[in-house]
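Please walk me through this structure in a viewer. Tell me what to select at each stop and what is there.

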There are 2 protein chains.
Amino acid sequence: MNKQQNVLIIGAGLCGSLLALRLGQRGYNVSVYEMRQDIRKVDISAGRSINLAFSNRGNKAIKLVGLEHKVKALCIPMYGRMIHDNHGNTFQSNYSGRDHEYINSISRGELNALLLDEAEKHKNVNIYFNKKCKSVDFEKTTARFIDFNTKDEFIEDADIIIATDGAGSALRKSYYLGKKFLFSFSQDYLTHGYKELSILPKENGDYKTYKNALHIWPRGDFMLIALPNLDGSFTVTLFLSYDEGPYNFNNLTTEKMVLEFFQKEFPDALALMPNLVNDFFENPTAPLGTVKCSPWHYKDNTLLMGDSAHAIVPFYGQGMNASFEDVVEFDAVLDTHEGHWDTVFSTYEKTRKKDTDAIADLAIDNFHEMKAHTANPIFQEKRKLEMALEKSFPDDYSSKYSLVTFNEHIGYREAMLKGRAQDKAILNMLADGELNANDDLATVLEKVKKETQNILEDDKIAGLK
Amino acid sequence: MNKQQNVLIIGAGLCGSLLALRLGQRGYNVSVYEMRQDIRKVDISAGRSINLAFSNRGNKAIKLVGLEHKVKALCIPMYGRMIHDNHGNTFQSNYSGRDHEYINSISRGELNALLLDEAEKHKNVNIYFNKKCKSVDFEKTTARFIDFNTKDEFIEDADIIIATDGAGSALRKSYYLGKKFLFSFSQDYLTHGYKELSILPKENGDYKTYKNALHIWPRGDFMLIALPNLDGSFTVTLFLSYDEGPYNFNNLTTEKMVLEFFQKEFPDALALMPNLVNDFFENPTAPLGTVKCSPWHYKDNTLLMGDSAHAIVPFYGQGMNASFEDVVEFDAVLDTHEGHWDTVFSTYEKTRKKDTDAIADLAIDNFHEMKAHTANPIFQEKRKLEMALEKSFPDDYSSKYSLVTFNEHIGYREAMLKGRAQDKAILNMLADGELNANDDLATVLEKVKKETQNILEDDKIAGLK
């Protein structure tokens, strides 16, 4: 097998730089072209470092490339959701009843920089910045770029091209516009957009609110969240409708209205954000979209991976984790079929797509769960019961959240089917009075398992998924 | 209110010509531009007249424009599915237990011609052919056309533009490429394509097989269907995977293979089709796709209607019916909000989109039902039970098929939710032995109603739709 094959990767974001590192480790000649400047040379000021939730599926990939300890040093554990009500009261809802299961806040920039550094340690990996891909000729396996410095356009040739260029992928656009094969494609926007804000550190560098949680201010139709950064700040994100409700992104146009909105809905957050108005009017409002498509590859020439194949909304904290898991799955397919790119690409899509479709749908579910259900009594009762089950029967029960986030040995689709059935079972048994808080937990576990199984079997007989 | 407003309609297919007629009746100045030549001047030879299933929802629109009797004369009633097995055995499965409920085979060309004739009877309606829309400037409310005869390009201005230009809509493409607003969009292709074939009339003009049914040869992974035409022929359609299975569109490349495939799978159909090989290699293979999008309109300037907003696969026989129902719904919104186009467009989308999304999903369901489930014993038992319920309790029970097809007073979404819950209830009760063929029908009805209600309530509590 010819390991001297030239692999061209479009995009040196999280997925692209991890893939470059892994393919570098495997011995391929890897060239990566990134449209942005080198993130390692950009000054990221306090409170503006966008952070992400890093968890088990992502860590599987980080272990694969041998960086577990280096990445751990960048992580801030978040053990649960810290829910803030309208009056500033808080309560914590853990992500799991098992103490060793938690998610982590991590800086996108620092993680990306680490991956770039590690990739470049391989002589057979070269990364070029400020070079934007304009289109891909997927029949000739060539990509056209423009150099942002020189404004020159140039064409690169490769044995295979993998696009990890995100939700606005140039390769995906070439598939769509090329009309050389039937290309299924969807882009779905939520009615809500988002805007990043910040809680800066205290003067002594301390955190202004509890560090080890994902803070949520759920308000039914909208919400605010905050994740900690290593420098003592929090990155805060407002999720709000563009045009519905008394306050929305289209009508929050004055300082007075923004302050009035936060005073009414998020008074405790406002108290920590003297910089609110400045952030609000300086930072852009961005849309929230889901992208799905198929096929992900063209013959043995080109492949979409990460967000370019399956961009999702951020509400399950799984965007990066899913893209990292792509690399693990791709690597496993390479172990079996290396040298036969057509088989590698088609096998990878066949095993992987059902799972990325599932996490896309789960992320939409969680949008509604976070902004509304977290404040709903029956939902809170379900969470309490599930925490108790996970604590008492750590080997026997996992909630939907745990299945998705901490059970990296099963796929997203299996986690979704089982998790949704469990949720349905518990919510209905609570509503019907068939379960209650004083029941013996072993009995509860038995009932939940039985009813979950019934639900899955009924769906199967009805031909539903 | 100024009724002298100029409405430009792009596309004079079934939806566009019906809309032109209705808006003409309402007094608008209507100009319709169609890319094809005038269908009334084209010779449609025997066996090539593509036919459609016309049913209650479509008839609602035909009644609205006063053409019920003229359309009835074009219809051939189909009372049920005539199922053909591999050995040429047949059995009929009716569409309803109520004798007055059936669907109709109708020629697309003849129905379209009638609507064009009727629209042109209005002095305020003008229809132009051979003029293809290239793009729409939805901010200026202008459309650019090319005249296929003169090759001239020209721009038309209007007060409002409504695009009824089908699955490949120019207006929808302008929305997508314009990037002036967040446009959610999906195109989803099935793995299967289709090819039209024909059963010609006997020499004396008689039908070669039973006239008043929709014939189906279900084979699990693929199927053949046939609908009657007024001239004694049947239009036959083969639905088959492009590349999966022992026989597929990609490998059926020789006369020998086509004959071998039909001899093995459809021997009784082959006996009626001496023209098979000729049809097979002369007629194109076409893809099957679903299109959804949102928003359907831009401010008070432009609107998508019919297939341009929601193209669906043909398996529920509802494509034309859904587009005709669009016109009924649009007309009802006009009754309330005429003169305020922005409100008309947004109200219309708000009330209508949930239903067209539902029929798109139902049509995919029916693809699987037709090619596979119709040959499945438990499914056949369900259908038998439902026919008995509809016959004995005509006012109290309607199957999913009846809810979708014959209950035009409820929307597709309501029909889908109730119909799917009923199917799930019956299939599970049959599988669990809770229902059986000897039960008293009144008891069966009670059980089915109760279990359907339970399923709907459980889904509601779990936050599912």
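The stops below go from the pair of chains to single residues.

This is a predicted model, in which local features need pLDDT of at least 70 and side-chain atom pairs count only at pLDDT 80 or more, while totals for chains, interfaces and linings use all residues. Residues are numbered from 1 along each chain as its sequence is written, chains are lettered from A and ligands numbered from 1 in the order in which they are written, and side-chain values use heavy atoms, with hydrogens and water left out.

**The two chains.** Colour chains A and B separately. A rotation of 180° with 0.0 Å of shift along its axis places chain A on chain B, with an RMSD of 0.0 Å (least squares on the C-alpha atoms of residues with pLDDT of at least 70 in both). That is the relation of a two-fold axis. To find the axis, select A:Ser186, whose C-alpha, at 1.9 Å, comes closest to it among the residues of chain A.

**Domains of chain A.** An automatic or database domain assignment gives domain 1 (6-78 + 105-186 + 289-367), domain 2 (188-287) and domain 3 (376-461). The C-alpha centres of domain 2 and domain 3 of chain A are 32 Å apart.

**A core residue.** Select A:Leu23. Leaving aside neighbours within four places in sequence, A:Leu23 has contacts (heavy atoms within 4.5 Å) including A:Val7, A:Ile162 and A:Phe330.

**A ring pair.** Next, show B:Tyr316 and B:Tyr401. Their ring centres are 5.5 Å apart and their planes are at 20°, so the pair is stacked (centres within 6.5 Å; planes under 30 degrees apart count as stacked, over 60 as edge-to-face and the rest as tilted). B:Tyr316 counts as buried at 4% relative accessibility, and B:Tyr401 counts as buried at 7% (buried means under 20% relative accessible area, exposed over 50%, partly exposed in between, with a 1.4 Å probe and protein chains only).

**A charge over a ring.** Select A:Lys195 and A:Phe280. The charged end of A:Lys195 sits over the ring of A:Phe280, 4.8 Å from its centre (NZ of Lys or CZ of Arg within 6 Å of the ring centre and within 35 degrees of the ring normal). In chain B, B:Lys195 lies over the face of B:Phe280, also at 4.8 Å from the ring centre.

**Backbone stops.** Most residues other than glycine have a negative phi, and most peptide bonds are trans. The peptide bond from A:Ser294 to A:Pro295 is cis, with omega near 0°. Finally, B:Lys179 has a positive phi, near 50°, and counts as exposed at 69% relative accessibility.

Technical notes: Rings of Phe, Tyr and Trp (its six-membered ring) pair if their centres lie within 6.5 Å; planes under 30 degrees apart count as stacked, over 60 as edge-to-face and the rest as tilted.
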